[in-house]
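Student: I am new to this structure and would like to go through it step by step. May we begin once it is in view?

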Amino acid sequence: MKYICQICGYVYDEETEGVPFGELPDNWTCPMCKAPKNMFLPEDAEEEERKKPDMEIPELQDMERLPPGVLAALFSNLAKGAEKQYQSHQEKLFREIAAYYEAAVPEIPDADISLLMKIAERNISLYGEAMETARRDGDRGAMRALTWGGKIQKIITSILSQYEKEGESALENVDIWVCTICGFIYTGENPPAICPVCKVPSWKFSKVV
Amino acid sequence: MKRIAIRNLRLCTKDCLCLYVCPTGASDTEDSIIDTSKCIGCGSCSDACPSGAISLVPAEYPAQQRKSEKVMDVMEKLAASKASEEKIASMLSADESAPNLKRLLKALKQSARLSAEDIMREGGYMLPQSGNSLSLLSRLADEPSQGFPKEAAKELLSSIRCNDGGYEPPSAMYKCERCFTEFESSSGDKAVCPMCGAEGNHLKPI
Ligand code: SF4
Ligand code: SF4
């Protein structure tokens with residue numbers, strides 16, 4: 001039987017590896033992208049997973065269409081768009097607007113790790129729902145963003161739940177890296193040679209200090 | 001189509017021919033960014049560059065692929081939820097004393113922002129010059145919330161030309177004091193009297 005990493009696509013083939021997947025220790029991680037063991041699905045189940053109907057999405061409360069947090073991201077993205085066109089002055093102006101909206105995001109009451117975890121988990125289903133819509137529309141650009149983001153969302157929940165289990169020791173003596181292109185989070189001494197999600201080279205990773 | 005040269009500073013080794021071949025001096029600047037106002041898009045520099053550091057790009061970008069309402073809708077909803085993720089991670093990391101959790105929360109904040117940016121990029125706001133981006137900006141500037149950087153928004157609105165017809169800069173009425181013609185001119189362009197060609201001081205806004 002083959003097991004496939006839902007993050008980077010690494011194939012664990014029981015036949016060639018010699019060890020049945022179920023017998024690998026719980027702290028075993030993907031040799032390519034360090035995703036935890038529960039990010040692997042059997043080859044045939046993978047198809048199933050993809051076909052799974054939409055989960056019931058809990059209604060989001062008080063959602064303005066474009067709340068300040070979204071405007072912050074929208075304008076910091078336009079700043080990047082200006083930067084790519086070498087319009088450094090426009091980039092600066094867009095950043096100013098993005099910073100204004102970032103500061104305007106209201107505090108969230110009762111923010112704690114378990115709320116963060118809940119939202120991260122809800123986002124997995126929001127990604128699924130959005131993907132269905134993008135697919136029906138044949139919007140491949142949106143599908144690209146949702147594929148990347150959906151994988152990253154899974155990694156986020158798994159790192160968080162690992163931290164909830166093990167506490168500080170989960171990240172002892174190890175660096176945390178963020179892919180500056182897609183937002184993939186990697187823990188290890190060095191960043192991976194290529195980002196398992198968006199495939200950019202290691203120098204696009206930045207170390208979190 | 002008019003093109004201009006841009007230099008990828010990561011690839012440039014700063015030691016070769018592009019300065020010698022440029023007929024306008026556009027490629028020779030103190031910050032190594034090619035001066036787009038001088039560049040005539042002749043391509044000599046990119047032909048001469050041994051590092052593939054210079055490319056010629058269109059001076060005006062084509063309109064982006066249209067997004068359906070449905071896609072924009074789900075993308076906005078998702079981005080709002082990613083923004084909450086970013087905010088919580090940011091609030092918690094500011095107060096956190098456990099060093100490893102603090103680092104993790106910072107990583108989550110950065111990651112959530114990158115994802116939200118990507119979602120909005122694909123949710124209809126890819127280019128600064130798209131009608132979506134500019135009309136949103138002008139709506140925000142017209143009814144500014146407190147402290148909104150209005151000047152920055154105005155400067156952007158007057159310096160970026162819309163590439164898909166989705167945004168018309170507001171126009172202003174002028175009266176020419178030389179020939180007394182009254183005419184309309186869009187605020188993005190320099191006003192010139194359509195009858196006698198007068199500009200500047202001869203024109204009074206009405
Ligand atoms: S020719 Fe290319 S690599 Fe050499 S200085 Fe010019 S841009 Fe840089
Ligand atoms: S395209 Fe021509 S004018 Fe523009 S920077 Fe290159 S050599 Fe100079």
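**Sheet, helix and surface**

Tutor: This is a predicted model. In chain A, strand 4 (residues 175-179) and strand 6 are paired in the antiparallel sense over three bridges.

Student: Which residue is the bridge partner of Val178(A) in strand 6 of chain A?

Tutor: Strand 4 of chain A covers residues 175-179 and pairs with strand 6. Within strand 6 of chain A, Val178(A) has as its bridge partner Ser206(A).

Student: Which strands of chain A stand at the edges of the open sheet?

Tutor: The open sheet has three strands in the order 5-4-6 (chain A), with antiparallel pairing. An edge strand has a single partner strand, so one side of it is left without a neighbour in the sheet; in chain A this applies to strand 5 (185-188) and strand 6 (205-207).

Student: Is Gln153(A) buried or exposed?

Tutor: Gln153(A) belongs to helix 6 (residues 140-166) of chain A. Beyond its neighbours within four places in sequence, Gln153(A) has contacts that include Tyr127(A), Lys82(B) and Glu85(B). Because its relative accessibility is 0%, Gln153(A) counts as buried.

Student: What is the relative accessible area of Leu17(B)?

Tutor: Leu17(B) lies in the loop between strand 1 (3-7) and helix 1 (18-21) of chain B. With Leu19(B), Tyr20(B) and Val21(B), Leu17(B) forms a nonpolar patch on the surface. Leu17(B) is partly exposed, its relative accessible area being 41%.

Note on methods. Residues numbered from 1 in each chain as written. Chains lettered and ligands numbered in written order. Predicted model: local features only at pLDDT ≥ 70, side-chain atom pairs only at ≥ 80, totals over all residues. Heavy atoms only, no water. Patch = residues over 30% accessible without salt bridge, like charges linked within 9 Å, V, L, I, M, F, W, Y side chains within 5 Å. Areas by Shrake-Rupley, 256 points an atom, 1.4 Å probe, with all protein chains shown as cover. Salt bridge = Lys/Arg side-chain N within 4 Å of Asp/Glu carboxyl O. Helix = DSSP H or I, 4+ residues; strand = E, 2+ residues; numbered from the N terminus. Buried < 20%, exposed > 50% of the residue type's maximum accessible area, 1.4 Å probe, protein only. Pairing = 2+ DSSP bridges. Contact = heavy atoms within 4.5 Å.
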